[in-house]
Amino acid sequence: MRIKVALGIWLLSITLAWMAVAPPDLGLSPLVDAQGAALGWWKLRQHAIYLSGLWSISLMALVMLLALRLPLFDRLMGGMDQVYRLHKWAGIAAALTAIAHWGAKESSGWIKALWGRAGKPEHDAVLPWLTDSRGFAKDLGEWAFYLLLAMVALTLLSRLLSYKHWSLLHRAMPVLFLALVMHAVALMPLSFWALPLGLLMGSLLALGSLAALWSLAGWVGLSRSHVARIQEVAALGDAGTDAPIEVICAMPSSWRGHRAGQFVFVRFDSTEGAHPFTIASAPHALGNSPEGEPLLRLVIKPLGDYTRTLHKRLRAGQRVDIEGPYGRFDGKGSRHRQQVWVAAGVGVTPFLALLEARQPGLTANGRDPAPVHMHYCTRDARRDPMLPRLQKLCALAQPPVPLTVHSEAQGQRLKPQHLQSEPGPLDIWFCGPQGLGDTLHEHARGPNRWRLHRESFVMR
């Protein structure tokens, strides 16, 4: 819901600012006059070109700003995972409005075929020092449009690309944005630079350009980056290369700590790029290394082409670059609601940290947290390497956390109806596969008075 509201407010703001500088009657009536001139259609085409162009470039500026991983957006959206969802959908919306912009431009052909060129308005005046750049800006915008569509298509088909190649492709987006800024500035009518649209678009284009240059320089997340080292590496269970990997990291003095449920961007290999992993330990739960460095735990499940090779690549003493922490998946809620945690597969990792934070001696402020009932979904409880630790943490938590295990191999798949027996309105914290999350989301929209908090780790 926040994603839709944010995009709606963004586009509405641009539209209202455009309406403030547009002609009051828009010049659309009549669409075709008595002499057969299609003045109204030409004006409609012109307005469609301008408005769709404003939408598209402003959405791309938003994409550039969101890519900076600023704490402000983290707070507004309720977590960096939600910021990345908005980043993704803003990019898709920018591509769709760019298509509308291109379609409006190309509509001149059928208007000429039906009514001829009569009534076609002259080019609007632009900034004086850019008048001679109009032709170049048009060509630049057209080629940038084609590249934008290709890049967005490849982003949406990201499963066809390895994370490494997808990440390299994504780094070209700032260059594309800067080309489109040139297109927008050179062709935006002089009248549009009046208040309030001029101030709004000028600010967005300037901030978006700075964000693009910041990204190209490789400075995103630099203030929250830390050079750590691997203290220990161990495979969990006996599933071979499919076994989850536990990585204990020794953090430098620059690390200011984290909250249970947060995640970090981790770079084990400078050529691969950073991947998001949840911190699977509570603050101070692992103590310090012999050298006095604070320790944190990552639990990595081999799901993709890169993570499947980590068991061969990682070793104690190796450097690891960690950026963060990010996220607001804290498992807290109103004491007037029943807390329910639902974990599935690798989605159990934030709950390991949340449960550790409830262990004796680690409870914040010495105050018992709200009671919780936890549901854990696994393919086969008999072979799950994470289950014994989870059971122990639930049993020792203060207060103890009842745990219900849903083992698919034993036909115990979780359904939303299983949660209806919980008393009162529910605060549900979910982390796991998208399909189960979508099912819970649809059920929460009914008359159940459920509040669903969902960790979304789809970063591409």
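In strand E8, the bridge partner of Gln339 is Val372. E7 and E8 run parallel and are joined by 6 bridges, with E8 covering residues 372-378. Strands here, like helices, are DSSP runs numbered from the N terminus (E, at least two residues; H or I, at least four for a helix). Two strands count as paired if DSSP finds at least two bridges between them.

Before going on, some notes on the model. This is a predicted model, in which local features need pLDDT of at least 70 and side-chain atom pairs count only at pLDDT 80 or more, while totals for chains, interfaces and linings use all residues. Residues are numbered from 1 along each chain as its sequence is written, and side-chain values use heavy atoms, with hydrogens and water left out.

Back to the sheet. It is open and has 5 strands in the order E9-E8-E7-E10-E11, with parallel pairing. The edge strands, each pairing on one side only, are E9 (403-407) and E11 (450-454). From one strand to the next the twist averages 20°. Angles run from 0 to 180 degrees between N-to-C directions, and axes are lines fitted to C-alpha atoms, for helices over the stretch in contact.

On its other pairing, E7 meets E10 (residues 426-431) in the parallel sense over 6 bridges. There, Val342 has Phe430 of E10 as its bridge partner. E10 in turn is joined to E11 by 5 bridges, also parallel. Asp427 has Arg451 of E11 as its bridge partner.

How many residues of strand E7 are buried? For E7 (residues 338-344) the count is 7 of the 7, so the strand is largely enclosed by the rest of the structure. Buried means under 20% relative accessible area, exposed over 50%, and partly exposed in between (1.4 Å probe, protein chains only). Gln338, Val340, Val342 and Ala344 point one way from E7, and Gln339, Trp341 and Ala343 the other way.

Next, the helices on the sheet. H11 lies across E7, E8 and E10, at about 135° to E7. H13 (residues 434-444) packs on the sheet and touches E7, E8, E10 and E11, its direction making about 155° with that of E11. Contact means heavy atoms within 4.5 Å.

H11 (residues 349-356) also packs with H12 (residues 387-396), at an angle of about 30° and with axes 9 Å apart. That makes H11 roughly parallel to H12. The cut-offs are under 35 degrees for roughly parallel, over 145 for roughly antiparallel, 65 to 115 for roughly perpendicular, and oblique for the rest. Leu352, Leu355 and Glu356 of H11 meet Arg389, Leu390, Leu393 and Cys394 of H12.

The other helix pair is H2 (residues 39-66) with H9 (residues 197-216), packed at about 40° with axes 8 Å apart. That makes H2 oblique to H9. The residues in contact include Leu54 and Ile57 of H2 and Met201 and Leu204 of H9.

Last, two single residues. Is Asp74 buried or exposed? Asp74, in helix H3 (residues 71-77), has 6% relative accessibility and so counts as buried. Leaving aside residues up to four places away in sequence, Asp74 touches Gly79, Met80, Val83, Gly327 and Arg328. Gly116 sits in the loop between H5 (108-115) and H6 (134-156), and is partly exposed at 22% relative accessible area. Its C-alpha atom is separated by 7.8 Å from that of Ala38, 78 residues apart along the chain.
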